[in-house]
2 protein chains.
Amino acid sequence: MYDYLVLGAGIVGLATAYHLKRLDPDASILVVDKGSGPGSGDTGRSAAAFRAFFTNRANMLLASSSIRFYRGIQESGFDLGMRFIGYLWLLDERSRRRVEAGLREADRLGLPYEHVDPDLVAERLGVRVDVEGSEEAELAGLGSIVDAVLVKEAGILDPDRLVEYYYEKLVSAGVHFAFNTEVETLIVEPRRPLGIEGEPFPWQDARVAGVKTSQGEIRAAKKVVAALGAWCESMLRTIGVDAVSKPKKRQVFTLRAASEKLEAMLNARGFNEYGIMPFTLLPRGVYIRPEPRERAFWVGVSDDLGRPFELEEPPALEENFYTLGILPVLSTYVPELAGAYPSGGWAGHYDITPDGLPVVYEPYESDLIVACGTSGSGIMKGDAVGRVAASLALGMDEAELASGLSMPVRWLGVQGRMAERELLII
Amino acid sequence: MYDYLVLGAGIVGLATAYHLKRLDPDASILVVDKGSGPGSGDTGRSAAAFRAFFTNRANMLLASSSIRFYRGIQESGFDLGMRFIGYLWLLDERSRRRVEAGLREADRLGLPYEHVDPDLVAERLGVRVDVEGSEEAELAGLGSIVDAVLVKEAGILDPDRLVEYYYEKLVSAGVHFAFNTEVETLIVEPRRPLGIEGEPFPWQDARVAGVKTSQGEIRAAKKVVAALGAWCESMLRTIGVDAVSKPKKRQVFTLRAASEKLEAMLNARGFNEYGIMPFTLLPRGVYIRPEPRERAFWVGVSDDLGRPFELEEPPALEENFYTLGILPVLSTYVPELAGAYPSGGWAGHYDITPDGLPVVYEPYESDLIVACGTSGSGIMKGDAVGRVAASLALGMDEAELASGLSMPVRWLGVQGRMAERELLII
């Protein structure tokens, strides 16, 4: 019997356990995961980019607090591979129109960003900005790059190092881990059991008392935190709890910087102090993330309408998805990559809420804390989501953030949620 | 090819088609349903109670507008069986604490309600309000009724009559219906098809162009409205659209007023002009709805934690659910019903959103309008939900309500949603 059970040793589970232990040092905590070590699910499959550039106040607080916390770790000498290389949005006429309201709101909020002349981008990155007359661009409905937006409070990190950081801290603080332990069901019981077959009945106060796992039953005296990411929905719906989020497959492809021109692109100067290209977003949601240590690019795209919400286990890379789904955009703006072929890659799942904001709430006063729905922002918001989940588990209305600011816990809940429209969606 | 396809001939689909036709009289509209007639899904299985008594502004506008619209129909001579018999909440100490904040907010908002002396309730309804010393009450954790709240702007109606009203109006306005027509999949297509296998690709603008049904393909030039209620989630997730709601089974049991005392309860005086008992809520979510024409009561309860979100087709009545889930509460407060046994009943599904507010939105500019998640309030909010869905389908930002007020369409959306906590949840 532990005080707290945390289900899932991904970024959200780790951060939740970390802040629970920080806020309640005497508590006994067990983190359960079906993987053989921490971060072995979608956390380790993240493209791990971050930005403090959102219009929704909750998004902004979550990201800026997490980035600040990670920066502190990095500066303390524990290398997270954190590089503030910036985000660069390349906008054609259509995407410019889409992001216009977001940039106006950013101006109003005083969020810093810069416009960069597309010709300068062309020169520094070697991308093609003028696609007039290209038959491929015409067919795909892609326009010339008419504006570029650079956000400097943004960058990349190494998710495995972040996982190691939390894991080391947690182990040395006495938090327990049960790996290779798959949660089969959540145990729902009345608070005052009568010993009648079929309990709990609707008139009984019921709670989530623990879990049945592949290694036996484990119970929690206080709270069970479901930080199950893409597995949240299917696990929770069996006991009538809405995870608010759903899993969707995502893929990352690795392209080697195998030519002089691509090397020059990877090591583009003028955008940041590292001499690395920024995390770059092309029109239609295609991104290029530099991975300088591998002398490679990671590329991907968000495909929304059409692809079902479902878990694929294990998720497989689809060659056609690169060739037909990404390459037409990539080769239009980066002709040098037209002939490249992925040297590898991986697939995983996003855990997506309808509004893109993570969800943290306790349904039906059940002692179950749902902490999921990071919607592809697990790394960049994970630490703060853990703070909110830990605060809720401890019965607090507010979560103290790394920035010193605090955030109402209900902003990530299902009622009282911070429902402002996020205008800076990629 | 129709201008608009409405999937589902339940209350939301009917109301949406009705207001679409009203706002766009020249539009061609087809309503598709797998049932053999309108309202043959969960609409016809509703307990069909209504109240204009909510603290969330969107809930309040939806209910008050719908009630006003139905009242107009009733007063025009088309009998909806609409009776303003009131809602009566019987509160033990625990449920009083739960509803306290809601009542304070109701005071602030000026929502009318009355406190009724529990002894007067005992006298008029014949319920037992003092349960001190009852072993059964003690075991079930039920307390004496310490307060009763009567809401007069509330009552019951006949859902079949409401369905008939919309259906007659729609048929005479030239709206088409395809019954016995099951939607198999939604057709997702690029707006500018290239004829390449695997379309649409992520870089293409895609839309929901129609549906494949058991009777063949049907296409929509303008919008497809998914008013599929409990079937929304499973249908939409296959194309990567989040219905925001999930289906949960609910049951209604019929008890005959087979004694003089029960007859007197059914025909309780002093609460309304009809000489009918109000729709009465006991502690722990058990309700008693009078059905005077059948000389019967309908009883049910909301069971939340534990029962999975799933579709059961067809949903079956569970005898044990009455005996173990409802009867302990019912027999504590209405001893006369202790020996009664249901003469019948039926089961159906609620279509529940995490915050209890219906959802109306157009994901990914896809020409698909999601209109579902009425969360057990389909009858009481249905007409207004249809107004919002029709307004969104026509590209309007605001929906005009029956009350003459208007409501921002985004209040039911996924971003910009009216996220105020609803404090008057039963």
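Which element gives the largest share of the negative patch? In this predicted model, that element is α5(A), with three residues. The patch of negative charge lies on the surface and gathers A:Asp117, A:Asp119, A:Glu123, A:Asp130, A:Glu132, A:Glu135, A:Glu136 and A:Glu138. Two or more residues come from each of α4 (118-125) and α5 (135-140) of chain A. A:Glu123 sits in helix α4 of chain A. Its relative accessible area is 65%, so A:Glu123 is exposed.

The two chains were then compared.

Over all chains, the structure holds 67 salt bridges. One of them joins A:Glu153 to A:Arg71, with the closest N and O atoms 3.2 Å apart. A:Glu153 lies in the loop between β6 (145-151) and β7 (154-156) of chain A, and A:Arg71 in helix α2, so the pair ties together parts 82 residues apart in sequence. A:Glu153 is partly exposed, at 32% relative accessibility. A:Arg71 is also partly exposed, at 29%.

A further salt bridge pairs A:Arg207 with A:Asp367, at 2.5 Å between the closest N and O atoms. A:Arg207 belongs to strand β10, A:Asp367 to the loop between β17 (359-361) and β18 (368-372) of chain A; the two are 160 residues apart. Both residues are buried.

A network of salt bridges links A:Glu233, A:Arg237, A:Asp242, A:Lys246, B:Glu233, B:Arg237, B:Asp242 and B:Lys246.

Key: Residues numbered from 1 in each chain as written. Chains lettered and ligands numbered in written order. Predicted model: local features only at pLDDT ≥ 70, side-chain atom pairs only at ≥ 80, totals over all residues. Heavy atoms only, no water. Patch = residues over 30% accessible without salt bridge, like charges linked within 9 Å, V, L, I, M, F, W, Y side chains within 5 Å. Areas by Shrake-Rupley, 256 points an atom, 1.4 Å probe, with all protein chains shown as cover. Salt bridge = Lys/Arg side-chain N within 4 Å of Asp/Glu carboxyl O. Lys, Arg positive; Asp, Glu negative; His and termini not counted. Charge placed at Lys NZ, Arg CZ, Asp CG, Glu CD. Helix = DSSP H or I, 4+ residues; strand = E, 2+ residues; numbered from the N terminus. Buried < 20%, exposed > 50% of the residue type's maximum accessible area, 1.4 Å probe, protein only.
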